[in-house]
Amino acid sequence: MKRIGLPFALAVGLALPTVAVSAETKPMPENARVYIIWPADGQTIPGGKFWVRMGLSGAGIAPAGIEKANTGHHHLLVDVDLPPLDQVVPNDKNHLHFGLGQTEAHLELPPGRHTLQLLLADDGHIPHNPPLYSKKITIIVTP
Amino acid sequence: MHHRQCLAGTAAAVLIAASAYAQTPSPTTPPPPSASPHETGTTQPGFKRTPSPAGAYVYIGWPNDGQVLHTTHIKVWFGTRGFGVAPAGTTKANTGHHHLLIDVAPPPMDQPIPNDKNHLHFGLGQTETVIDLPPGTHTLQLLMGDADHVPHDPPLLSKKVTIRVVAAEGSSADTR
């Protein structure tokens, strides 16, 4: 038990500074672009259950943990501003990770106005340099 | 700094792995990894296939079936549901990479997908492309391939869409 405890403490202790201090960012081609294919900005969605289709041009998709140049995986930001772009993307109900390499996201949102924005990140969930994020769109969910 | 972190991480990982083995002295130890099938030639029948989950499918998000396009410069986007996209060479369950079949019937499903002008590979993990097609009727179909470009079992093959390309007036470089 003690044997396992020490490496864990070491790993945690060394991992913490990478969150506080700027992490290394990976490059992306100049022409790469991430965008929301569907829904459209301003779209009204009755019921609030829908699929978001996530678009990427000029680069590739790779699952989290797969390190390959010019690839990344999607993160969908719901009702939230962009997080710091030199750190790991948070993982919570406002920051959805698609670490399998998915290109669609199923959402269920309550009635009202909501914002959606995509942010691509590398194998370690850190945005690229330059960061690839979409326009933030607003949708209106009706009952 | 970075180097130290890697070393510590590796040490921790090794220790954790070692303790995991120690805690599970199971008689059913996993079989040793067999030789990689892709080193034994690419044309022999009966290639090892990667399973795909129930409910997964691929589709062409654009263009639509029956679409008439007034350009020879055509954007195609690849849709995937219940499945992930990964670059060629990545062995991760429930992932694969797209192949776009143009004006051709699906190839054999137990062999690597051919790589030519009728079978375009998107081994970086791309989810869209732009192709140039001459005026006329064309078919497009997507086929997912695994790390070794072999279709999954069951295969993830999209509906085949038929489009009609009409000669564009003036420039054909209609970059959408």
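In chain A, strand E1(A) and strand E3 (residues 49-57) run antiparallel and are joined by five bridges. Strands here are DSSP runs of E with at least two residues, numbered from the N terminus, and two strands pair if DSSP finds at least two bridges between them. Within this pairing, A:Val34 stands opposite A:Leu56 in E3(A).

A word on the ground rules: this is a predicted model, in which local features need pLDDT of at least 70 and side-chain atom pairs count only at pLDDT 80 or more, while totals for chains, interfaces and linings use all residues. Residues are numbered from 1 along each chain as its sequence is written, and chains are lettered from A, ligands numbered from 1, in the order in which they are written.

Stepping back, you will find that the pair belongs to an open sheet of three strands in chain A, ordered E1-E3-E7 with antiparallel pairing. Its edges are strand E1 (33-38) and strand E7 (104-108) of chain A, each of which pairs on one side only. On average, neighbouring strands of this sheet are turned by 30 degrees against each other, direction ignored; the axes are lines fitted to C-alpha atoms, and angles run from 0 to 180 degrees between N-to-C directions.

Now move over to chain B. Here too is an open sheet of three strands, in the order E1-E3-E7 and with antiparallel pairing. Strand E1 (57-62) and strand E7 (128-132) of chain B are the edge strands, each pairing on one side only. Neighbours in this sheet are turned by 30 degrees against each other on average, direction ignored. Five bridges link E1(B) with strand E3 (residues 73-81) of chain B in the antiparallel sense, and B:Tyr57 stands opposite B:Arg81 in E3(B).

Terms used: Helix = DSSP H or I, 4+ residues; strand = E, 2+ residues; numbered from the N terminus.
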